[in-house]
Amino acid sequence: MGLRIRSFAQPDGSLLAHWHPLPHHAAFPGVLNGGIIGAPVDSVSTGALVVGYLKGSPPSSNPSFTPVGRIISIIGRPESAT
């Protein structure tokens with residue numbers, strides 16, 4: 001079960017992930033659901049951060065993690081077509 005995201009360590013220390021979205025992951029035909037794409041992005045981002053810590057290379061700045069138990073505000077703005 002799950003999304004079956006496959007991640008691979010790269011020579012430069014980054015992680016490369018491959019994931020194949022299926023039709024049931026679509027918001028509507030041919031377009032991936034925005035909520036689904038967040039899962040592989042989060043998985044790889046967190047994995048890279050953890051690998052960095054395990055190798056003794058924490059990020060140069062303090063990482064910002066999404067808090068639990070607090071209100072999260074999200075603002076969306078349309079992009080201008082011009």
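Trainee: Where is His 25 found?

Mentor: His 25 is found in the loop between β2 and β3, the latter covering residues 26–28. Helices (H or I, at least four residues) and strands (E, at least two) are DSSP runs, numbered from the N terminus. Keep in mind that this is a predicted model, in which local features need pLDDT of at least 70 and side-chain atom pairs count only at pLDDT 80 or more, whereas totals for chains, interfaces and linings use all residues. Residues are numbered from 1 along each chain as its sequence is written, and side-chain values use heavy atoms, with hydrogens and water left out.

Trainee: Why is His 25 called buried?

Mentor: Buried means under 20% relative accessible area, exposed means over 50%, and partly exposed is in between, with a 1.4 Å probe and protein chains only. His 25 has a relative accessible area of 9%, so it is called buried.

Trainee: What is His 25 in contact with, leaving aside its neighbours within four places in sequence?

Mentor: Contact means heavy atoms within 4.5 Å. By that rule, and leaving aside neighbours within four places in sequence, His 25 is in contact with Leu 3, Trp 19, Leu 32, Asn 33 and Ile 36.

Trainee: What makes Leu 3 partly exposed?

Mentor: Leu 3, which lies in the segment before β1, has a relative accessible area of 27%, and because this value is between 20% and 50%, the residue counts as partly exposed. Not counting residues up to four places away in sequence, Leu 3 touches Trp 19, His 25, Ala 39 and Pro 40.

Trainee: How do you know that Pro 40 is buried, and what does Pro 40 touch?

Mentor: Pro 40 has a relative accessible area of 9%, which is under 20%, so it is buried. Pro 40 lies in helix α1, and it touches Leu 3, Ile 5 and Trp 19 when residues up to four places away in sequence are not counted. The C-alpha atoms of Pro 40 and Ser 7 are separated by 9.6 Å, although these residues are 33 residues apart along the chain.

Trainee: What caps the N-terminal end of α1?

Mentor: Asn 33 caps that end, with a side-chain oxygen 2.6 Å from the backbone nitrogen of Gly 35. After α1 comes Gly 56, whose phi is positive, near 80°.

Trainee: What makes β1 and β2 a pair?

Mentor: Two strands pair if DSSP finds at least two bridges between them. Four bridges join β1 to β2, which run antiparallel, so the two strands pair. They form a hairpin with five residues between them, and Gly 13 in the turn has a positive phi of about 95°.

Trainee: Why is Arg 6 called exposed, and which residue is its bridge partner?

Mentor: Arg 6 has a relative accessible area of 53%, which is over 50%, so it is called exposed. Arg 6 lies in strand β1, and its bridge partner in β2 is His 18.

Trainee: How do you know that Arg 4 is exposed?

Mentor: Arg 4 has 65% relative accessibility, and because this is over 50%, it counts as exposed. Arg 4 is placed in the segment before β1, and its phi is near 60°, a positive value in a residue other than glycine.

Notes
Polar contact = N/O pair within 3.5 Å; in protein donor to acceptor, adjacent residues only side chain to side chain.
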